[in-house]
Every structure is written in C-alpha cells, then in structure tokens.
Amino acid sequence: GSLSPVGPRADVCFCEFCVDALSELMRAEYGDLAALNASWSTSFRDWGEVRPIVLEDALQTGQITRWIDHRRNMDRVWTDAMQAKIDVVRRHDPNAQAVADNFRVPTSFSGVDYWQLVSEVVGGSGTSYLREFSAPERSHLTWLRYSYWGMPTMSPGDHLFRRRIGRYVWEGLLNGLHGSSYWTTLWAATPHEPWFRNPVAPDLRTTEEGRWSMDPVAHIRTGIDRLVFDSEFDDSGVAILYSRSSEHAATAWQAIHGDSPAAGMTPDYGAPLLRPFTDALSALGYGHRVVSEQQVADGFLSEEGIRLLILPFAQAIDVETAAAIREYVGGGGLVLADIRPAVADRHGHTGGSGLLDDVFGVTHEADWHAYRPVEADLALSGEAQALTIRDVRMPIIAGPAVTPGGAQSMGAVSDI
C-alpha cells in the first residue's frame, strides 16, 4: 500500500489498543513506574494510568519526553500493524513478501520508523533506506518511484523530456535499487498544458511517451544490471546515522521555537534530517551508508570499516548508541556532527550536558529551550591536523547553547 501521511500533525492514537501498547513498551524500557514518572514529569500510580499526550499539551506542560515516547510507540504500533497484515497473507502463501509505496513521509506523525519497518516487514520504493535496511529476502523488492508530472520531468520539448524521464531508471539502478515506477493520470493534456505527457492512453495502451521510460530498462537488461548488482558498493568509508528519536526531537524543538528561524529548519514533508549530507556527498562523488542506532550499538562501524560517522541533527539517541560511538572514536574513528549531538537519550530526556560532550570536547546546555536559533554571520579561520581554513565567511543559523570544553574552536559567530 501507499504510506502517504494521514494529515498534518495527526497526533494519534488514543484508542484502548494503542494506550495499552504504550504502557507495555514503557514498562519494558523503563523497568519501573518511578523511572517513567521521573522522565515524564508525571505521577502515575500504576501502569494502567499511563496515557500519551499530544504535542500542543506537551509544550504547555513541559512533558516533551512523554510526547516523544508516545510517537515512538505509534511507530511501533504501525510496524506491528503492517506485520499483522503480511502474517494473514502468509497463512495462504508462506513465501509472500510485503512492499509499500511512497516512503517519503519522514514526519513525526507518519508512524514510519524506517529501520523498524524496512528491516522487519516490507520492501518498497522511494528512499535509500530501502537498500540499507532491507532484509536479504526482500532486497530485490526495492525501486525508485517518480511521476510523469513531477517538476524535474516536465518539458514541452520531446528531446529534453525523453532524457529526463529516462534518467530515473538509471538513478534507481546506480543507487542499488532493482526497479523504477512512475505515477501518472488519465486526464488529457490541453493546449494550455504543453508540458504534460501521459504514458498511458485512456484505453490503457502505452503511448510513445510511455515507451521512453521503457527504453532504458531494455538497455539495462542487456547485462548492465547484473554487472551492477554483482559489484561491491563503494561507501567511501562514510556512514550517516538514522535516528527516529531525533526526528521526533527535531519536531518538538521546532515547535518550541516556532517563532524563530527554527520554523524553516526541519520541513514537515519530504526532507529527512540527513538529506543535506546525502546530497552533498553524492555531489562530491562519495558513496555512503545509512546506519541505524541499533546497528551502531551492535558494532557495525568497526565491523564494516567505517572511517567517518555523520550525526545529522541527532539530538536524541540511545545511551547504548552513544557508548558505541564513544568506543568507535577511541579506536580512531571520526565523527562529524552539526547541531546539538546527543543532548538527550532516545526518550528525549535531557541531563546537565550531552551524552557525547566528552567526545566533542564541548559542554551543551541540554534543555530543550536552551538552543534558540538566530541568524548570524560566521567567520572561520584556523588549522587542525590536516584541516586548514582561511578567512571563510558565511551567513548561518546559530545559537549560544554550547561552550568549548577542550575542543579547538576554528570560528566565531557575531551577534550572539
């Protein structure tokens, strides 16, 4: 099925089933009710009283941790619901596999934890997470999706349109995916819409434009596909952390500072926190892998020879993940982080400083209200090991909630 969002900020669900699931998950993770109450700033007397909270109420009461755990529970509920569906099918076909379309829904309200959903249940389309997280039995059930009306595709000229529509097949192949799909519609183009091309006629015959997306497939299937799939992917020794808890933390942080530049820093649709890094690495010609917190905790970084780990706005990570990162750096690994790395655990609970402050040689003011971003000018200059920067200046979004604690600073920000 299609994993389109249910609606903007649909902060569900409060039915008996989901509330019971929350209680069970929290009991498993916190161990005792006193620990949960301390984290949530609540005073529940027994596990039967445990209830979720919507974001607006969490902002008013300061119970951000309670809301993040609510969204984490709903991610788990959605994964389990998808598993229940495929279990029904497997009663009749034990070898059946599930696929899902339209994975581009990285909001806190989508219910989609890519690591849970893809590693445990489905294959599908739309994101590089599929290649990284798919179980071996579903690795072939991955494809790139696009539409005939997408802005990068539209062109009134036949030659340019043909090249644009054909390149997505190659893009999917070179990203390790096994196919491509296109969304279309049966309405007819008008003289006022010369850019619109329909690959399927009303009687479902393939049009000439439709064949333009099939030609690259025929070319690839002459043997290029086997060459690519039998090759080893070059990740350049670079891994980017995927942290679902950090996505929820970013949503809460953005809501807290909604009247500041934070409002435009974490878009609600189609742009996961790691997207700027994946695009930059691709543009520079470097491969990379996306790794989950669980993989990092299980020793993936050292086992796979990762030389650089990138933490994109990874504000909330599990303590076991943080410990594995600390061990990785102790063994000579490099870590690159942008904003407030590991200021909270996976529940969103903050302490006096960040979980990785000792690794970065800084001290964070970890409270969710501490980092209020402002527009400022950055001046960079200095040398550190093999890195040399000379008089680089740029406008940035900055904040004052971090101070050096042994780290070497190579820049200064004005107006803070």
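A cavity is a set of points, on a 1 Å grid over the protein atoms alone, where a 1.4 Å probe fits but cannot get out, and its lining residues have an atom within 4 Å of a point. Grid points are joined across faces, edges and corners, and a volume is the space filled by probe spheres set on the points.

This is a predicted model, in which local features need pLDDT of at least 70 and side-chain atom pairs count only at pLDDT 80 or more, while totals for chains, interfaces and linings use all residues. Residues are numbered from 1 along each chain as its sequence is written, and side-chain values use heavy atoms, with hydrogens and water left out.

**Cavity**

One cavity of 30 Å³ or more is present in the structure, and the largest cavity has a volume of about 60 Å³. Its lining consists of Leu-241, Tyr-242, Ser-243, Ser-246, Glu-247, Leu-273, Leu-274, Pro-312 and Ala-314. At least two lining residues come from each of strand E5 (238–242) and helix H10 (244–256); helices (at least four residues) and strands (at least two) are DSSP runs numbered from the N terminus. By class, the lining comprises six nonpolar, two polar and one charged residue; Ala, Val, Leu, Ile, Met, Phe, Trp, Tyr, Cys and Pro count as nonpolar, Asp, Glu, Lys and Arg as charged, and the others, Gly among them, as polar.

**Helix packing**

Axes are lines fitted to C-alpha atoms over the stretch in contact, and angles run from 0 to 180 degrees between N-to-C directions.

| Helix pair | Angle | Axis distance |
|---|---|---|
| H1 (residues 16–30) and H4 (residues 64–90) | about 110° | 9 Å |
| H7 (residues 158–174) and H8 (residues 208–220) | roughly 40° | within 9 Å |

H1 is therefore roughly perpendicular to H4, whereas H7 and H8 are oblique to each other; angles of 65 to 115 degrees count as roughly perpendicular, those under 35 as roughly parallel, those over 145 as roughly antiparallel, and the rest as oblique. Contact means heavy atoms within 4.5 Å. Among the H1 residues that meet H4 are Phe-17, Leu-25 and Tyr-30, and their H4 counterparts include Asp-69, Arg-72 and Val-77. The residues of this contact of H1 with H4 are nine nonpolar, three polar and three charged. On the H7 side of the other contact, Phe-161, Arg-162 and Trp-170 are included, and H8 contributes residues including Trp-212, Asp-215 and Ile-220. The contact of H7 with H8 divides into nine nonpolar, three polar and four charged residues.

**Backbone features**

Val-12 and Cys-13 are joined by a cis peptide bond, with omega about 20°. Cys-13 lies in the segment before H1. Ser-41, a residue other than glycine, has a positive phi near 60°, and Ser-41 is located in the loop between helix H2 (33–40) and helix H3 (55–61).

How values were computed. On a 1 Å grid over the protein atoms alone, a cavity is a set of points where a 1.4 Å probe fits but cannot get out, and a pocket is an open set with protein on both sides within 12 Å along at least five of seven lines; lining residues have an atom within 4 Å of a point.
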